[in-house]
Number of protein chains: 2
Amino acid sequence: MPRTKNTSTEEKILAAAKTIFIEKGMDGARMQDIADNAGINKALLHYYFKSKEKLFEVIFKEGAEKLFSKINSILNSDLPLFEKIRLFSNEYAEIISQNPYLPLFVLNEMNKQPHSFLENIFGKNQPTFENLVKQIDKEIKKGTIKQVSPVNLVINMISLSIFPFVAKPVFQRIMNLDPLQFSTIMDQRKTMNAEFIIASIKK
Amino acid sequence: MPRTKNTSTEEKILAAAKTIFIEKGMDGARMQDIADNAGINKALLHYYFKSKEKLFEVIFKEGAEKLFSKINSILNSDLPLFEKIRLFSNEYAEIISQNPYLPLFVLNEMNKQPHSFLENIFGKNQPTFENLVKQIDKEIKKGTIKQVSPVNLVINMISLSIFPFVAKPVFQRIMNLDPLQFSTIMDQRKTMNAEFIIASIKK
DNA sequence: GCATATTTTAACCAAATGGTTAATAAAGGT
DNA sequence: ACCTTTATTAACCATTTGGTTAAAATATGC
């Protein structure tokens with residue numbers, strides 16, 4: 001097993017695999033494409049990562065981690081609720097504009113991969129929302145926000161952050177936007193989303 | 001024995017193709033699976049629809065149509081703004097809960113298929129939002145709602161309606177919800193979404 | 001400098017896959 | 001009945017695909 005040195009080849013493979021898998025998905029990706037993209041022989045892929053599935057798993061895991069870790073850390077921080085919403089919206093928008101194709105990749109594969117595969121990956125990092133739920137209940141009692149379901153609030157925050165990227169080709173087309181216009185609108189949303197959410201729950 | 005009136009072969013194929021394509025996507029779908037699912041010989045698929053691509057196109061077109069036609073018709077109707085938002089949220093939630101796997105299928109393929117393929121499909125049905133833009137401008141001048149970008153309002157409405165279904169496996173997992181709990185929450189959202197949107201723009 | 005271990009490659013291989021063909025069965029028209 | 005057209009099938013085929021092998025190149029330790 002080559003776990004010792006020469007990470008450069010391994011890194012080249014991982015970078016290439018990321019590109020190809022995210023672009024084509026597990027089924028659409030070809031090992032030969034990944035090898036070509038990494039500038040190496042196909043057999044080397046199997047030398048470093050024994051199968052397509054194993055290689056995919058590494059890429060998927062990394063992607064899922066990138067998307068999910070921030071949610072948990074911000075939503076469980078000690079910030080005041082509105083600040084939390086603002087921070088989440090801003091930071092999440094940043095992550096996603098830097099990895100615009102990641103969400104669809106992860107969503108797509110989460111729907112397709114068997115349960116066992118996902119179990120393996122999500123084993124421990126189970127986010128907790130207790131902190132947030134308590135915080136929201138407190139604000140409701142204080143009367144600063146409306147009676148709102150914490151779960152649904154989080155779903156709204158995440159939906160508004162991610163979906164526009166996932167549906168970019170749809171929105172661009174049905175709204176007749178050129179890429180520049182679309183990107184301008186996405187930029188507006190970075191600050192807008194938080195205020196939109198806050199306005200919807202503020203009393 | 002004469003059995004119960006068998007649906008036409010073409011219909012059987014289309015139904016099977018829908019099932020398989022939506023479950024596995026264009027790349028993951030196997031012609032043999034579609035044939036088996038339809039209870040016919042694989043060659044018959046090519047007899048009715050000459051290639052996998054052509055068959056896929058039919059299924060995709062139908063799915064995209066189902067998802068997009070309603071948007072246009074409701075958003076261009078003559079209802080008052082808030083009613084429009086409520087009607088859209090309700091009807092769209094209905095369409096999607098009846099076809100929960102359709103959005104991801106369409107989104108996924110819209111990101112993968114080449115431009116030419118999509119051009120063919122969206123040729124004419126280009127939605128228009130002029131009506132809605134005017135309506136929103138009017139409400140802003142009347143002072144009933146905040147100064148809000150019509151495009152972003154529509155993006156929000158659609159995002160909140162669709163994304164929770166697309167990300168169902170994610171939400172179920174990170175929020176530790178069993179299928180029943182999740183479905184209850186989705187039901188709440190049917191009415192909640194509209195009020196959430198309205199609250200966020202009401203002055 | 002040399003033996004050993006690691007990395008990389010070209011050539012293969014078996015299975016799977018979309019698609020074709022030629023023959024057969026069923027329907028329709030006369 | 002008989003012929004023509006349409007529908008359906010089993011057997012193939014060419015290509016693609018993930019994966020393997022054995023040999024060559026390169027690095028490593030002494």
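Six residues of domain 1 of chain A and eight residues of domain 2 of chain A make up their contact, where contact means heavy atoms within 4.5 Å.

A word on conventions: residues are numbered from 1 along each chain as its sequence is written, and chains are lettered from A and ligands numbered from 1 in the order in which they are written. Since the model is predicted, local features need pLDDT of at least 70 and side-chain atom pairs count only at pLDDT 80 or more, while totals for chains, interfaces and linings use all residues; side-chain values use heavy atoms, with hydrogens and water left out.

**Between the two domains of chain A**

About 470 Å² is buried between domain 1 of chain A and domain 2 of chain A, and carbon and sulfur atoms give 60% of that. Buried area here is the accessible area (1.4 Å probe) that two parts lose on being put together, summed over both. On the domain 1 side of chain A, the residues that lose the most area to domain 2 of chain A are A:K18, A:I22 and A:M26, together 73% of what that side buries.

The same interface has two residue pairs in polar contact, both at pLDDT 80 or more. A polar contact is a pair of N or O atoms within 3.5 Å; within protein, one must be able to donate a hydrogen and the other to accept it, and residues adjacent in sequence count only if both atoms are side-chain atoms.

**The fold of chain A**

Chain A has 11 helices and zero strands. Helices (H or I, at least four residues) and strands (E, at least two) are DSSP runs, numbered from the N terminus. The C-alpha atoms of chain A fill a box of roughly 65 × 45 × 30 Å along the principal axes. Another salt bridge joins A:K61 and A:E57, whose closest N and O atoms are 3.8 Å apart. These two residues are four apart in helix α4 (residues 52–75) of chain A, so about one helical turn separates A:K61 from A:E57. Over all chains, the count comes to 16 salt bridges.

**Where chain B meets chain A**

Now to the pairing of the chains. The contact takes 52 residues from chain B and 53 residues from chain A, and the buried area between them is about 4,800 Å², with 68% from carbon and sulfur atoms. There are zero salt bridges between chain B and chain A, but 10 residue pairs are in polar contact (both at pLDDT 80 or more). Among the elements of chain B that give two or more residues to this side are α1 (9–28), α9 (150–166) and α11 (179–201). The most comes from α9(B), with 12 residues. By type, the side of chain B that touches chain A has 30 nonpolar, 14 polar and eight charged residues. In this grouping, Ala, Val, Leu, Ile, Met, Phe, Trp, Tyr, Cys and Pro count as nonpolar, Asp, Glu, Lys and Arg as charged, and the others, Gly among them, as polar.

**Around DNA strand D**

There are 16 residues around DNA strand D, and A:R30, A:K42, A:K52, B:N41 and B:Y48 come nearest; a residue is near a strand if one of its heavy atoms lies within 4 Å of it.

| Protein group | Atom of DNA strand D | Distance |
|---|---|---|
| A:M31, polar backbone atom | phosphate oxygen | 3.1 Å |
| A:K42, side-chain N or O atom | base oxygen | 2.4 Å |
| B:T9, side-chain N or O atom | phosphate oxygen | 3.0 Å |

The elements giving two or more residues to this surface are α3 (42–48) of chain A and α3 (42–48) of chain B, and α3(B) gives the most, with four residues. The surface near DNA strand D comprises eight nonpolar, four polar and four charged residues.

Notes. A salt bridge is a side-chain nitrogen of Lys or Arg within 4 Å of a carboxyl oxygen of Asp or Glu.
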